[in-house]
Amino acid sequence: MLGICRGRRKFLAASLTVLFVPAITWIYLFAGSFEDGKPVSLSPLESQPHSPRYTASSQRERESLEVRMREVEEENRVLRKQLSLAQSRGPLHHRGNHSKTYSMEEGTGDSESLRAGIVAGNSSECGQQPAVEKCETIHVAIVCAGYNASRDVVTLVKSVLFHRRNPLHFHLIADAIAKQILATLFQTWMVPAVRIDFYDADELKSEVSWIPNKHYSGIYGLMKLVLTKTLPSNLERVIVLDTDITFATDIAELWAVFHKFKGQQVLGLVENQSDWYLGNLWKNHRPWPALGRGYNTGVILLLLDKLRKMKWEQMWRLTAERELMSMLSTSLADQDIFNAVIKQNPFLVYQLPCFWNVQLSDHTRSEQCYRDVSDLKVIHWNSPKKLRVKNKHVEFFRNLYLTFLEYDGNLLRRELFGCPSEADVNSENLQKQLSELDEDDLCYEFRRERFTVHRTHLYFLHYEYEPASDNTDVTLVAQLSMDRLQMLEAICKHWEGPISLALYLSDAEAQQFLRYAQGSEVLMSRHNVGYHIVYKEGQFYPVNLLRNVAMKHISTPYMFLSDIDFLPMYGLYEYLRKSVIQLDLANTKKALIVPAFETLRYRLSFPKSKAELLSMLDMGTLFTFRYHVWTKGHAPTNFAKWRTATTPYRVEWEADFEPYVVVRKDCPEYDRRFVGFGWNKVAHIMELDAQEYEFTVLPNAYMIHMPHAPSFDITKFRSNKQYRICLKTLKEEFQQDMSRHYGFAALKYLTAENNS
């Protein structure tokens with residue numbers, strides 16, 4: 001249809017040119033043959049020098065007009081020739097991808113035609129009807145495995161969501177790690193008109209594990225071969241994408257290309273833009289067989305229903321088995337096998353224009369795919385170097401990628417008006433809860449925060465944990481924002497055990513953190529630290545939500561509930577593991593208290609023993625935590641007794657008690673109604689007491705709070721009266737909820753509060 005439109009338009013333009021240019025020329029000549037309002041004869045008789053009307057100027061004018069006439073006649077001859085050639089070539093626009101005379105819109109492997117057709121390929125077509133219905137669902141399949149690939153998928157999805165106007169259905173072939181990360185991410189992202197289905201990549205390993213593969217993608221790089229078996233049998237077509245893809249246009253434009261497939265075309269692919277399959281990159285370079293330059297499989301259009309009828313599974317297996325007898329292994333994973341099949345069956349391919357897969361690896365012909373920014377459709381970072389690849393315009397491509405990398409994902413939660421979406425239970429429950437709040441309530445923003453769903457990316461960096469054989473392992477749990485990032489290295493040096501951290505960051509800050517961590521030898525050497533990104537939303541710091549996220553994703557039976565500003569004593573990890581056994585924490589409800597101290601010095605010679613710490617207390621270098629401003633918070637720890645204690649001792653709960661404790665992983669969560677500063681730990685300790693936890697102080701454990709600038713939230717608490725009023729209201733409501741939940745035993749909390 002596009003080729004017909006373009007052909008008619010060219011034919012009409014050429015015809016008009018042939019008809020009108022001579023007419024205009026003769027009018028010009030006729031008008032120019034008048035002098036002083038009278039016609040000037042151009043006959044040979046009157047052009048003689050003896051003519052009384054002859055002048056030098058009129059002679060020059062006639063000569064120039066005659067030259068112009070000859071030029072116009074020559075132009076007309078060329079135009080007629082071009083018109084006849086265009087008419088004779090017209091039918092070639094309908095011949096599929098066996099012709100080399102395609103425009104960019106039709107797809108081509110010829111670089112000259114490719115360059116000539118860029119502008120035409122991206123322009124609007126005459127009378128073109130949209131090939132994709134407004135609410136038609138677009139299906140996208142992605143193979144994703146591991147922590148790094150999960151991060152890449154997020155950037156890819158952002159670029160797709162940014163441009164999209166249609167409902168999307170992502171089919172994610174993921175291993176257990178990627179599934180856990182991405183399932184939580186999409187569940188908390190809550191993007192309208194987006195559906196996610198997962199397929200177990202580990203179950204597919206047996207389908208391709210017999211194929212030796214040298215590519216860095218490993219076994220997962222072969223799984224696109226089995227999509228006809230993996231995806232639902234009623235799914236007819238799907239766009240398959242690598243994780244290192246960035247979209248610069250609406251994916252519906254690519255989906256519309258399916259309508260151009262003809263005959264037995266079942267694969268939509270872009271020609272490979274490197275010389276890999278030409279076999280001339282180095283001496284004895286022997287690539288897999290391919291048609292010409294071969295095809296790149298970073299972007300694939302699959303007609304699944306036709307592939308199944310063609311017995312695709314049998315086709316690629318037989319080809320792979322035959323080629324492996326001589327090639328021994330694949331170098332480019334699934335791409336080698338796809339190309340070997342296409343070499344034998346070229347009719348399977350519809351060749352996509354190369355702007356649908358601009359391949360940014362070293363030494364490619366990618367620059368031939370575009371002339372201007374508007375020509376770009378899909379960018380493929382298919383080099384192991386990724387953003388460090390060599391390309392003339394790499395700075396522009398890198399900035400485009402970084403734009404989506406740091407783009408606020410919350411802004412992509414936009415509705416597709418006019419398109420019905422599937423009912424989302426989580427979204428409906430959220431709307432119901434929010435509708436029950438009174439927007440005129442002065443504490444409305446506090447109450448709303450309790451129900452806000454924050455987009456969450458678990459395990460942002462690689463994580464490994466080997467469970468302890470004695471089942472006594474303890475994870476340090478903490479939360480932080482960007483202004484506490486400098487504490488991470490120090491904590492890792494003080495605590496060698498597993499750590500679970502929830503970081504409250506924007507999308508841009510998450511990338512800053514990634515660069516910081518990757519540049520730190522200390523952090524990169526530790527694989528037992530789980531970094532969970534909770535993305536910023538709203539005006540309050542959701543401290544207890546962050547703690548709950550960090551608590552929920554620990555792999556050990558016990559956890560040490562700490563804060564990021566504290567450094568644990570050297571050796572605390574091993575000491576706590578021994579205490580867990582000694583105090584039978586597995587079979588009793590105990591909360592083991594680690595006494596907290598503080599220093600006002602930014603540079604501190606950290607005490608290596610309890611004796612050294614007591615000496616520093618006596619000298620005034622250290623203090624019991626918040627002794628000067630909030631004595632009640634840690635007074636029940638009984639520091640006087642701790643100074644001489646050699647065995648654990650029990651203490652009773654008191655109002656406003658907020659120690660740092662070691663508990664089993666099944667302890668209650670923190671109450672989310674408390675945000676920012678105030679009562680966030682107090683409420684949790686109160687609930688532990690209500691559940692009859694026994695508070696036991698460890699005699700040889702300690703932690704020290706390091707100084708820092710006041711947080712934004714404590715500043716708001718101190719300066720904003722309404723903030724303090726709302727906190728008091730929330731505290732009273734929490735105590736009432738405790739009374740309803742725990743009955744008569746919880747009345748002591750109301751009494752203690754009144755007496756304090």
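I began with Cys135, which is partly exposed because its relative accessible area is 29%. My cut-offs for this: buried means under 20% relative accessible area, exposed means over 50%, and partly exposed lies in between (1.4 Å probe, protein chains only).

Ground rules for these pages. The model is predicted, so local features need pLDDT of at least 70 and side-chain atom pairs count only at pLDDT 80 or more, while totals for chains, interfaces and linings use all residues. Residues are numbered from 1 along each chain as its sequence is written, and side-chain values use heavy atoms, with hydrogens and water left out.

**Entry 1: disulfides**

I called a disulfide wherever two cysteine sulfur atoms lie within 2.5 Å. That rule gives 3 disulfides.

Cys135 is bonded to Cys419, with the sulfur atoms 2.1 Å apart. The torsion about this S-S bond is about -90 degrees, so I noted the disulfide as left-handed. The bond joins distant parts of the chain, 284 residues apart. Cys135 is in the loop between helix 4 (118–122) and strand 3 (138–144), and Cys419 is in the loop between helix 13 and helix 14 (425–435). For these element names I took DSSP runs numbered from the N terminus: helices are H or I of at least four residues, strands are E of at least two. Cys419 counts as buried because its relative accessible area is 11%.

Next I checked Cys354 and Cys369, whose sulfur atoms also bond at 2.1 Å. I read -135 degrees about the S-S bond, a left-handed link. Cys354 lies in the loop between strand 10 (349–352) and strand 11, and Cys369 in the loop between strand 11 and strand 12, so the pair ties together parts 15 residues apart in sequence. Cys354 is buried at 5%. Cys369 is buried at 1%.

Then came Cys443 and Cys726, again a disulfide with sulfur atoms 2.1 Å apart. The value about the S-S bond is -95 degrees, and the link is left-handed. Cys443 is in the loop between helix 14 and helix 15 (444–449), while Cys726 is in helix 25 (residues 721–742), 283 residues away. Both cysteines, Cys443 and Cys726, are buried.

Counting bonded cysteines along the chain, I get the pattern 1-4, 2-3, 5-6.

I also looked up Cys144 and Cys492. Cys144 is buried, at 1% relative accessibility. Cys492 is buried too, at 9%.

**Entry 2: helix 5 on helix 13**

Helix 5 (residues 146–163) packs on helix 13 (residues 394–405) at about 90 degrees, with the axes 8 Å apart. Axes are lines fitted to C-alpha atoms, for helices over the stretch in contact, and angles run from 0 to 180 degrees between N-to-C directions. The two helices are therefore roughly perpendicular, a label I use for 65 to 115 degrees; under 35 is roughly parallel, over 145 roughly antiparallel, and the rest oblique.

Which residues make the contact? Helix 5 gives Asp152, Thr155, Lys158, Ser159, Phe162 and His163; helix 13 gives Tyr401, Phe404 and Leu405. Contact means heavy atoms within 4.5 Å.

I found an open, mixed sheet of 3 strands in the order 7-12-11. Strands pair if DSSP finds at least two bridges between them. Strand 7 (245–247) and strand 11 (358–359) are the edges, each pairing on one side only. Strand 11 pairs with strand 12 (residues 378–380) in the parallel sense over 2 bridges. Val358 has Ile379 of strand 12 as its bridge partner.
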